[in-house]
Amino acid sequence: MDGICLELTGQLGTSQPGEAEVERSLIRRAQRGDRAAFDALVRRYDQEVLRMALKIVRSSDEAQDLYQEVFLKVYRSIGQFRLESRFSTWLYRVVMNVCYDHLRRQRTRGEVQATENEDGQPDFAQTLTEDRPISNPDRALTAKEISGRLQAALTRLTPRERMVFELKHCQGLKLRAIGEMCGTSEEAAKNSLFRALQKLRVDLRDLA
Amino acid sequence: MNCKEFENASALYLYDELRGSERAEFEAHLAACAACRARLEESQRLHRLLTDCPRPEPTPDLLARCRQTLDEALDHEELGWRSLLRGWMWSFGAAPATRAAAALTLIVFGFGLGWTLRPRAAALPVAGGEPTQAGFNPSDLSNLHIRSISQVTPDPQSGGVRITLDAERRVTLEGSLDDPRIRQVLVDTMKGYDNPGIRRDTLDALRMQTDDPSVRGALMYAMARDPNAGVRLEALKTVQHMECGADTHQGLLNVVEHDSNAGVRAAAIDALVQHLQQEGMDDAVLAAFERLATSDRDPVVRMRCLTAVRRLQGNG
């Protein structure tokens with residue numbers, strides 16, 4: 001895994017050399033049990049982790065559970081992290097493993113994902129920001145419908161296809177990196193992406 | 001590239017995953033085949049649909065809720081036996097081999113001795129009918145989920161100690177300070193527990209065992225790093241009466257040079273002077289005193305350094 005170079009997008013703040021050193025210092029302190037340092041690390045990445053969790057589950061309660069599971073895992077195993085690797089890469093892998101396990105459990109239980117609105121009703125467009133099409137009432141209906149259709153289509157993907165699609169389409173990672181993160185080959189990741197896109201094409205043909 | 005190969009490659013093209021020659025072949029076919037151009041446009045529409053589709057964004061309220069619940073979970077986690085164990089493991093250093101050896105030691109230790117605290121606790125009566133857990137073994141401790149430690153009571157006469165903590169239920173561990181497992185709990189408490197009063201009580205318990213290297217290390221750690229100046233000062237007084245060594249000299253000198261509290265720095269100066277008067281001059285310490293006699297930000301510390309230099313040179 002040393003060869004891959006992934007980084008969570010969003011509020012990373014580790015691109016500058018000084019920032020990277022600050023982060024290494026925080027990691028070292030967290031490894032010695034310094035809670036404040038661990039909290040500071042969490043604050044660097046937690047918005048992006050939550051954003052990714054929301055993409056996978058679309059329910060704020062479930063996303064909250066995934067968020068907690070990710071950072072508890074990181075807390076318990078940060079002592080094993082080696083500083084020569086990128087922390088963001090390591091964290092990203094934890095996020096992926098947690099999400100993947102969640103999807104597999106969900107699939108085993110036969111659950112269907114849906115975002116809930118304030119009334120507890122499914123609402124796939126509840127967390128949109130104001131610059132999204134939903135701020136225009138005419139477009140809001142379309143956006144809501146599309147979002148609902150997309151979400152339904154995504155739930156029909158296998159956990160592997162779903163993860164590969166999210167990593168490729170939403171995170172923009174290279175297939176080689178996705179393969180390594182998922183513990184498989186680039187070719188297998190490519191095939192998962194093809195199958196995911198094929199299923200989405202069939203499900204969303206009338207919208208595209 | 002034929003039409004079938006083009007279809008397979010179109011997704012890779014849209015995701016910019018085609019390499020040089022593949023991309024050139026793809027674009028050449030695209031220019032020559034109208035049917036494939038239409039198929040690619042269809043794929044592009046799906047791609048745009050997927051890209052433009054609203055994606056959920058975390059609301060500030062959700063983020064705040066997540067942070068709060070994580071904070072509570074970490075509080076719980078921090079006082080679990082797992083955390084104490086991790087602290088213990090970390091004290092063996094970061095090298096995997098060393099830590100693996102430490103883990104093996106712990107396993108052998110746990111299975112080999114099968115410790116119980118009750119037999120050693122005979123000299124310590126349990127006050128007020130407080131439940132004492134008889135026959136504790138390591139698996140019990142690993143499931144404790146300690147929430148807080150409410151009391152650490154050393155008994156200098158018997159050499160025993162009582163630790164009262166809140167876990168899933170309140171338990172009291174009793175045992176002798178000769179027991180390395182009891183010492184380990186105290187050492188981890190000294191280094192990691194966030195209540196300064198408990199750390200102070202733990203310090204009292206540990207000062208009966210300063211011959212033990214782990215206790216010595218915990219005291220040196222507390223003297224240098226404890227966030228509470230009172231605890232640092234108490235740790236320093238204990239170190240002052242420990243058997244001298246290069247580590248104690250260096251530790252005390254670090255306090256003189258770096259501690260943020262002038263009272264602690266002054267006490268460290270006195271401790272060093274006492275050590276040097278017994279063991280002979282240390283040029284590095286003398287040089288530091290001479291420097292701080294003019295540069296320390298606190299006038300009392302400057303004066304104390306000046307007095308120390310005179311006393312040491314007088315003895316020299």
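Modeller: A salt bridge here is a side-chain nitrogen of Lys or Arg within 4 Å of a carboxyl oxygen of Asp or Glu. This is a predicted model, where local features need pLDDT of at least 70, side-chain atom pairs count only at pLDDT 80 or more, and totals for chains, interfaces and linings use all residues. Residues are numbered from 1 along each chain as its sequence is written, and side-chain values use heavy atoms, with hydrogens and water left out.

Colleague: How many salt bridges over all chains?
Modeller: There are 31.

Colleague: What does A:R35 pair with?
Modeller: A:R35 forms a salt bridge with B:D71, at 2.8 Å from N to O. B:D71 sits in helix α4 (residues 60-78) of chain B and A:R35 in helix α2 (residues 35-57) of chain A, so this pair joins two chains. Helices are DSSP runs of H or I, at least four residues, numbered from the N terminus.

Colleague: Is A:R35 buried or exposed?
Modeller: Buried, at 12% relative accessible area. B:D71 is partly exposed, at 33%. Buried means under 20% relative accessible area, exposed over 50%, and partly exposed in between (1.4 Å probe, protein chains only).

Colleague: Now A:E48, which residue does its side chain meet?
Modeller: A:R51, in a salt bridge of 2.6 Å, N to O. A:E48 and A:R51 are 3 residues apart in helix α2 of chain A, so about one helical turn separates them. Both A:E48 and A:R51 are buried.

Colleague: And which residues make up the network in chain B?
Modeller: B:R200, B:D204, B:R207, B:E234 and B:K237, joined by salt bridges that share partners.

Methods. Chains are lettered from A and ligands numbered from 1 in the order in which they are written.
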